[in-house]
Amino acid sequence: MSPEHSGAADREQAVTDEVLASFDQTADPRLREVMRSLVRHLHAFAREVRLTEREWETAIDFLTRAGHITDDRRQEFVLLSDVLGLSMLAVAINEPKAPGATQATVFGPFFVDGAPEVALGDDIAHGAAGTPCYVSGQVRSADGFPIGGVRLDIWGADEDGFYDVQYPGDRTAGRGWLRTAPDGTYRFRTVLPTSYPIPNDGPVGDLLTAAARSPMRPAHLHFKATTPGHRTLITHIFVAGDPYLGCDAVFGVKDSLVVEADHHTAGLAPDGSQPQGAWTSMTFDLVLVPDDAS
Ligand code: BEZ
Ligand code: FE
């Protein structure tokens, strides 16, 4: 390296060292570790790509637009984390490694606190458009025992690929929660999920377009399972055969979560009703691990 270049490199390193040192007095040791590592990697990234000031301004503008489009119904920063694979990396780092445990996947931006409680077997579609889908299964512990009383939150999009919160107004549809029976079983009715694009009318959508990436997610239904003494599980079931299973915009697909939807054109549905048109059914068992599982 010429003396000129090594001088420039030294000046760059001096900036990084000064910023690292500015976190030396951070009282919380974890915050100190995380911030120092963030600075090291962020600065290394800027050096590696030789970040121009114009590009830095573009990045600030991107984040500003993400902030402006974010409100209590739209979360552009979650979307950004999702399309960068950071959400799924955090899931992979933190999910229990116990064999047999149901795998976790992205939470996504469409969970809503305060969804209605329903009884076992009830309809959570509440008028959401789509082919009826009867979902059932059992929640067990990793050693095979059924777990009763588990709170299962479920949410999904309608046949047009939209969640209730994406429509104007405050209608609740396609979401609800129930408790598993003493033998760990659960059942409910909803609509068969379809593949849909993640919201792509903001800066994250612009990024996907610039990168020639698809915004599509394969059809899925979200589950959150909560019960004392066990790790909360956030996962999906994906519908087998969906054309986007191999190219989920947010990298959330795991083979163990792909479930066959059985299609029916007649006969008695699991709730004893005789649907007028086509209906579907899926089964999905969940295996939870103890709170302290690694
Ligand atoms: C979802 O599945 O609801 C979702 C996940 C990540 C980004 C956008 C939507
Ligand atoms: Fe979703």
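Predicted model: local features only at pLDDT ≥ 70, side-chain atom pairs only at ≥ 80, totals over all residues.
**Exercise 1.** Determine how the protein chain is divided and how far apart the domain centres lie.

*Solution.* Step 1: the bounds are read off as residues 3-51 for domain 1 and 77-288 for domain 2. Step 2: taken over C-alpha atoms, the centres of domain 1 and domain 2 are separated by 41 Å.

**Exercise 2.** List the residues around ligand 1 and sort them by class.

*Solution.* Step 1: the shell consists of Leu-79, Asp-82, Gly-108, Pro-109, Phe-110, Tyr-163, Tyr-196, Ile-198, Arg-217, His-220, His-222 and Val-250. Step 2: sorted by class, these residues comprise 7 nonpolar, 3 polar and 2 charged.

**Exercise 3.** Identify side chains that place an N or O atom within 3.5 Å of an oxygen atom of ligand 1, and state how far the protein buries the ligand.

*Solution.* Step 1: the side chain of Arg-217 has an N or O atom 2.6 Å from an oxygen atom of ligand 1. Step 2: for Tyr-196, the corresponding distance is 2.7 Å. Step 3: His-220 contributes a polar side-chain atom 2.9 Å from a ligand oxygen. Step 4: ligand 1 taken alone exposes 260 Å², of which the protein buries 100%.

**Exercise 4.** Characterise the space that ligand 1 takes and name the elements that give two or more residues to its shell.

Methods. Residues numbered from 1 in each chain as written. Chains lettered and ligands numbered in written order. Heavy atoms only, no water. Near = heavy atom within 4 Å. Polar contact = N/O pair within 3.5 Å; in protein donor to acceptor, adjacent residues only side chain to side chain. Areas by Shrake-Rupley, 256 points an atom, 1.4 Å probe, with all protein chains shown as cover. 1 Å grid on protein atoms, 1.4 Å probe; cavity = no way out; pocket = protein on both sides within 12 Å on 5 of 7 lines; lining within 4 Å. Sits in = over half its atoms within 2 Å of the grid points. Helix = DSSP H or I, 4+ residues; strand = E, 2+ residues; numbered from the N terminus. Nonpolar A, V, L, I, M, F, W, Y, C, P; charged D, E, K, R; others polar. Domains from an automatic or database assignment.
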